[in-house]
Amino acid sequence: MGCCSGRCTLIFLCIFQLMVALERQVFDFLGYQWAPILANFLHIIIVILGLFGTIQYRPRYIVVYAVWTALWVAWNVFIICFYLEVGGLSKESDLLTFNISAHHSWWSEHGPGCVRREMPATGVRSLDSQSYISVMGCLLEYQYIEVLHSAFQIFIALLGFVYACYVVSAFTEEEDSFDFIGGFDPFPLYHVNEKPSHLLLKPMYLST
């Protein structure tokens, strides 16, 4: 019963993780954040693998999922440090875009309450002239939105790790008990009490 409840909980967590990861992937695509996009894509694949392993009773797949959740926690800790500018990191750098573009988080211009205004550059105007974007009135700065996203990912990943370890342990105990009662004995029902060979070869004499 405990294994069933833990397995069902892990299935629910995997499905919920997929939903949250897809939501985050959409906003990272909108912000051209290539490093998070790749990480999210790998995360989605591993979570699907863990979900498959949980449904099909494949402990090895669940172990892979558990190892990945630990790495996923580390990645989200890095994202938190990046946006809070911890350890010499700067949220204004192009690290998450692989220096391909100067885009930043989508929430930097589309956060709750943000008003986005384009101001043309002063001087000579041409077809290639750039405009400055001014964002005002944000109720919550974009870096804190990203931090909340990552913190929530860490919380779900830790729950997934705990339940994955529990389910793997439960599956292993069930397999051991199945082996103990002869579940994998190739000839469990064919135990014949054989007589010694010398008794079988002993000649039989009829009394007269």
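A disulfide is here a pair of cysteine sulfur atoms within 2.5 Å. The structure is a predicted model, and a search of the whole of it finds 1 disulfide. That bond joins cysteine 114 to cysteine 138, with an S to S distance of 1.9 Å. The pair links distant parts of the chain, 24 residues apart, since cysteine 114 lies in the loop between helix H4 (107–110) and strand S1 (115–120), while cysteine 138 lies in the loop between strand S2 (131–136) and helix H5 (142–180). The link between cysteine 114 and cysteine 138 is right-handed, with 125 degrees about the S-S bond.

| Cysteine | Relative accessible area | Class |
|---|---|---|
| Cysteine 14 | 0% | buried |
| Cysteine 114 | 18% | buried |
| Cysteine 138 | 25% | partly exposed |
| Cysteine 165 | 36% | partly exposed |

Cysteine 114 counts as buried because its relative accessible area of 18% falls under the 20% cut-off, whereas cysteine 138, at 25%, is partly exposed.

The largest pocket holds about 430 Å³ of space and is lined by 20 residues, of which His104, Ser105, Ser108, Glu109 and Ile133 lie nearest its centre. H4 and S2 are the elements that give two or more residues to this lining, and H4 gives the most, with 4 residues. Divided by class, the lining of the largest pocket comprises 10 nonpolar, 6 polar and 4 charged residues.

Conventions:
Residues are numbered from 1 along each chain as its sequence is written. This is a predicted model: local features need pLDDT of at least 70, side-chain atom pairs count only at pLDDT 80 or more; totals for chains, interfaces and linings use all residues. Side-chain values use heavy atoms; hydrogens and water are left out. Buried means under 20% relative accessible area, exposed over 50%, partly exposed in between (1.4 Å probe, protein chains only). On a 1 Å grid over the protein atoms alone, a cavity is a set of points where a 1.4 Å probe fits but cannot get out, and a pocket is an open set with protein on both sides within 12 Å along at least five of seven lines; lining residues have an atom within 4 Å of a point. Grid points are joined across faces, edges and corners, and a volume is the space filled by probe spheres set on the points. Ala, Val, Leu, Ile, Met, Phe, Trp, Tyr, Cys and Pro count as nonpolar, Asp, Glu, Lys and Arg as charged, and the others, Gly among them, as polar.
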